[in-house]
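Look at the chain below and follow its helices.

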Amino acid sequence: MTDWAGNIFRVPELKKRIIFTALALIAYRLGSHIPTPGIDAHALLSFFQQAGGTLLGFFDLFSGGALRRLSILALGIMPYISASIILQLLAVVFPPLEKLSKEGEAGRKKISQYTRYGTVLLAAIQAMGIAIGLENMRSPTGEQIVVDPGVAFRLMTTITLTTGSIFLMWLGEQITERGIGNGISLLIFAGIIVRVPEAIVNTWRLLTTGELQALVLLIVLALMVLVVAGVIIMTLGQRPIVVQYAKRIVGRKIYGGQSTHIPLRINTAGVIPVIFASSIIVFPATIAQFINHPWMQGVARALSPGTVTYTVLYAVAIIFFTYFYTAIVFNPTDVADNMRKHGGFIPGIRPGSRTAEFIEKVLDRITLVGAIYLTLISILPELMITTMSVPFFFGGTSLLIVVGVALDTVQQVESHLLMRNYEGFLKKGRVKGRLG
């Protein structure tokens, strides 16, 4: 452990990148505690405690608690993520954008620029919506959340929150370029990890007061270790498809003849299906916060976390979006065409349409495994809370993001070490996974 830790700081470039990343994350957390003017903080906190299972609570998870404080970074990085997903979906149905995505580095830069514009637009719309919504909200005790509502408050809040979202987008890009790891993912990671100390304190308090039995806590800890190990295995899990390249003679040189493989990930869609499903399922409960109608209240209760209806619909939505998003990000026909152009083929399978059909068949099977895995991890928090009275959320979107980001960051650090002939984190070789 101490060997590779020492090796990290023996590489000047890697040392600078890690320090820059740490300082950027500290700046992010400090900004999350600077409040937006004109808000009654106590009334807003009481409102969010009541709205824990709604879309507002879901967004608050990704902002690291900044939304419940309505800090200048309250929107978090969600506008950027939403803009990226929208552009990915548009690339499937909008030919000019699809053509642009296939133009290499120049095309990717153009799409990144469109993503930034989309982020600003979505952030401004969301900020204005939050400002208007806050003026109509009251705490459970009837206190008004906005001290002085009006046009001035709406304009100030919109500018402040939009600027904060733009700053986070810029900070994430700076971490990716000058730091270590994916900047956007690390910002979300930091927002989730910051809740761990609070969960530990609450668990210790319940243990000392006798509300949580020591045996139950040991069982929960053992289950947590097993679940994290399972998530790591499934995150790194791949189904390799062997590809053979025929030999070609060009002039006096011979090209091809080597064997490689296509690494199909078990969970190709990542955490996106869980985000989509969560946003849709909790949407009625969010609307019910603003519409005081018996029918809406009944729908919100039926779709509240812990109910059978919520669990079933949540599971179905995750499975659907897993297949949907996998079909968007991975096209077997394009893979088969590229293989044929470069003289590649799967042994025993004819090039062209037969190859595409084979890849799609394999992808459908492993996607089902990935969808079931995502569903089990996503409903795990509710099961632990209802059956074991666990005082914190473990699993779901937060666990998938934390493990995925941690593995990506470890792989990048190890790549820097191996490039300079230092031993990596594992003595028998590098961490094999999505970058492998």
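How are H9 and H10 oriented to each other, roughly perpendicular or roughly parallel? In this predicted model, the axes of H9 and H10 come within 7 Å. They cross at roughly 115 degrees. An angle from 65 to 115 degrees counts as roughly perpendicular. H9 and H10 are therefore roughly perpendicular to each other.

Six residues of H9 are listed on one side: Leu168, Met169, Leu171, Gly172, Ile175 and Thr176. H10 brings Gly183, Ile184, Leu186 and Leu187. By type, the residues of this contact are seven nonpolar, three polar and no charged.

## The chain as a whole

The chain holds 19 helices and five strands. It has 436 residues, and 43% of them are buried.

Now take the contacts between residues at least 6 apart in sequence. Of these, 69% join residues at least 24 apart.

## H10 meets H19

H10 covers residues 183–193, and H19 covers residues 396–419. Their axes come within 9 Å and cross at roughly 130 degrees. That angle makes H10 oblique to H19. The crossing is left-handed.

From H10, the contact uses Ser185, Leu186, Ile188, Phe189, Ile192 and Ile193. From H19, it uses Ser398, Ile401, Val402, Val405, Ala406 and Thr409. Nine of the contact residues are nonpolar, three are polar and none is charged.

## H13 meets H16

H13 runs over residues 272–281, and H16 over residues 308–329. Their axes are 8 Å apart, and the packing angle is about 140 degrees. Over 145 degrees would count as roughly antiparallel. H13 and H16 are therefore oblique to each other. Their crossing is right-handed.

On the H13 side, the contact is made by Ile272, Pro273, Val274, Phe276, Ala277, Ser278, Ile280 and Ile281. On the H16 side are Tyr310, Leu313, Tyr314, Ala317, Ile318, Phe321, Thr322 and Tyr325. The division is 14 nonpolar, two polar and no charged.

How much of H13 is buried? Eight of its ten residues are, and the helix is mostly covered. The buried residues are Ile272, Pro273, Val274, Ile275, Phe276, Ala277, Ser278 and Ile281.

Val316 sits in H16. Is Val316 buried or exposed? The cut-off for exposed is over 50% relative accessible area. Val316 has 52% relative accessibility, so it counts as exposed.

Val316 can also be placed against H13. Val316 and Ala277 are 39 residues apart in sequence. In space, their C-alpha atoms are 8.7 Å apart. Ala277 itself is one of the buried residues of H13.

## Two buried threonines

Thr119 belongs to helix H8, which covers residues 104–135. Its relative accessibility is 0%, so Thr119 counts as buried. The side chain of Thr119 reaches the backbone oxygen of Thr115 at 2.7 Å. Which residues does Thr119 touch, not counting residues up to four places away in sequence? They are Pro79, Tyr80, Ala83, Ser165 and Met169.

Thr157 lies in helix H9, residues 151–178. At 0% relative accessibility, Thr157 counts as buried. Its neighbours within four places in sequence are left aside here. Thr157 is then in contact with Thr36, Ala127 and Ala131.

Ala24 is part of helix H2, residues 12–31. Buried means under 20% relative accessible area. Ala24 has 5% relative accessibility, so it counts as buried.

Where does Ala24 make contact, once residues up to four places away in sequence are not counted? Ala24 touches Leu171 and Ile175. Ala24 and Gly172 are 148 residues apart in sequence. Their C-alpha atoms are 8.6 Å apart in space.

Key: Residues are numbered from 1 along each chain as its sequence is written. This is a predicted model: local features need pLDDT of at least 70, side-chain atom pairs count only at pLDDT 80 or more; totals for chains, interfaces and linings use all residues. Side-chain values use heavy atoms; hydrogens and water are left out. Helices (H or I, at least four residues) and strands (E, at least two) are DSSP runs, numbered from the N terminus. Buried means under 20% relative accessible area, exposed over 50%, partly exposed in between (1.4 Å probe, protein chains only). A polar contact is a pair of N or O atoms within 3.5 Å; within protein, one must be able to donate a hydrogen and the other to accept it, and residues adjacent in sequence count only if both atoms are side-chain atoms. Contact means heavy atoms within 4.5 Å. Axes are lines fitted to C-alpha atoms, for helices over the stretch in contact, and angles run from 0 to 180 degrees between N-to-C directions. Angles under 35 degrees count as roughly parallel, over 145 as roughly antiparallel, 65 to 115 as roughly perpendicular and the rest as oblique. A crossing is left-handed if the near helix is turned anticlockwise from the far one by less than a right angle, and right-handed if clockwise. Ala, Val, Leu, Ile, Met, Phe, Trp, Tyr, Cys and Pro count as nonpolar, Asp, Glu, Lys and Arg as charged, and the others, Gly among them, as polar.
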